[in-house]
Amino acid sequence: MGSCLFCDIAAGKIPCTEVHSDEKFLAFRDIDPKAPTHILVIPRLHIAGLSELQNTDTDLAGELMLTAARIASSEGLDEAGYRFVINCGQDGGQTVGHLHLHILGGRQLHWPPG
Ligand code: AMP
Ligand code: ZN
């Protein structure tokens, strides 16, 4: 298997600005933020993206969302609101092939996204 940027970040080989860490997930600030708060939440397990999720990943997928919601709360985003984004594949705009959930907040977000 080739190298993976987010596996390297999860392994501590590449630095990040950590927001949350537990045995299953790591959250860190996006290096090129698209909103005042822009955090990426990744499973430590390498899953290439949404289209690779298996039936056995049900708990992981649910815990990813719950973990991200708790991080959004701890960032103080509940009252004003926020958005989760998971890009998948080329048309979805996915640029890193390791499943990650974007938490975006701190400004009015546009809809529909571009
Ligand atoms: P996506 O386009 O959905 O695949 O999102 C990938 C995200 O990873 C982008 O928002 C990038 O800015 C972000 N990113 C790329 N490299 C790093 C890095 N070394 N540390 C933190 N975020 C990164
Ligand atoms: Zn990976």
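User: In this predicted model, which residues does Ile 71 touch, not counting residues up to four places away in sequence?

Analyst: The model is predicted. Ile 71 belongs to the residues that touch the most other members of the largest nonpolar core. Leaving out residues up to four places away in sequence, the contacts of Ile 71 are Val 19, His 20, Ala 27, Ile 39, Val 41 and Ile 103.

User: Which element gives the largest share of this core?

Analyst: The largest nonpolar core has 14 residues, and Ile 39, Val 41, Leu 64, Ile 71, Leu 101 and Ile 103 touch the most other members. Two or more residues come from each of the elements E2, E3, H2 and E5. The largest share, 5 residues, is given by H2.

User: Which residue in E2 stands opposite His 20?

Analyst: E1 and strand E2 (residues 25-29) run antiparallel and are joined by 3 bridges. Within this pairing, the residue of E2 that stands opposite His 20 is Ala 27.

User: Which residue in E5 is the bridge partner of Ile 39?

Analyst: E3 pairs with E2 in the antiparallel sense over 5 bridges, and on that side Ile 39 is the bridge partner of Arg 29. E3 and E5 also pair in the antiparallel sense, over 5 bridges. The bridge partner of Ile 39 in E5 is Ile 103.

User: How many residues of E3 are buried?

Analyst: Thr 37, Ile 39, Val 41 and Pro 43 point one way from E3, while His 38, Leu 40 and Ile 42 point the other way. Residues on both sides are buried. E3 is thus mostly covered, and the number buried is 7 of its 7 residues.

User: What is the geometry of the site of the zinc ion (ligand 2)?

Analyst: The protein donors are Cys 4 (SG), Cys 7 (SG), His 46 (ND1) and His 98 (ND1), which lie 2.0 to 2.3 Å from the zinc ion. The angles among the 4 donor atoms are 106 to 118 degrees. Four donors count as tetrahedral if all angles lie between 85 and 135 degrees. The site is therefore tetrahedral.

User: How many residues apart are Cys 7 and His 98?

Analyst: The donor residues of the zinc ion (ligand 2) are spaced C-x2-C-x38-H-x51-H in sequence. Cys 7 lies in helix H1 (residues 5-10), and His 98 lies in the loop between helix H3 (89-92) and E5. The pair links distant parts of the chain, its residues being 91 residues apart.

User: Is Pro 112 buried or exposed?

Analyst: Pro 112 lies in the segment after E5. Its C-alpha atom is separated from that of Met 65 by 21 Å. Because the relative accessibility of Pro 112 is 62%, Pro 112 counts as exposed.

Notes: Residues are numbered from 1 along each chain as its sequence is written. Chains are lettered from A and ligands numbered from 1 in the order in which they are written. This is a predicted model: local features need pLDDT of at least 70, side-chain atom pairs count only at pLDDT 80 or more; totals for chains, interfaces and linings use all residues. Side-chain values use heavy atoms; hydrogens and water are left out. Two strands pair if DSSP finds at least two bridges between them. Helices (H or I, at least four residues) and strands (E, at least two) are DSSP runs, numbered from the N terminus. Donors are N, O and S atoms within 2.8 Å of the metal (3.2 Å for Na, K and Ca); water is not among the atoms, so sites may look incomplete. Four donors count as tetrahedral if all angles lie between 85 and 135 degrees; four count as square planar and six as octahedral if opposite donors are over 155 degrees apart and all others between 65 and 115; anything else is irregular. A nonpolar core is a set of buried Ala, Val, Leu, Ile, Met, Phe, Trp, Tyr and Cys residues joined through side-chain atoms within 4.5 Å. Buried means under 20% relative accessible area, exposed over 50%, partly exposed in between (1.4 Å probe, protein chains only). Contact means heavy atoms within 4.5 Å.
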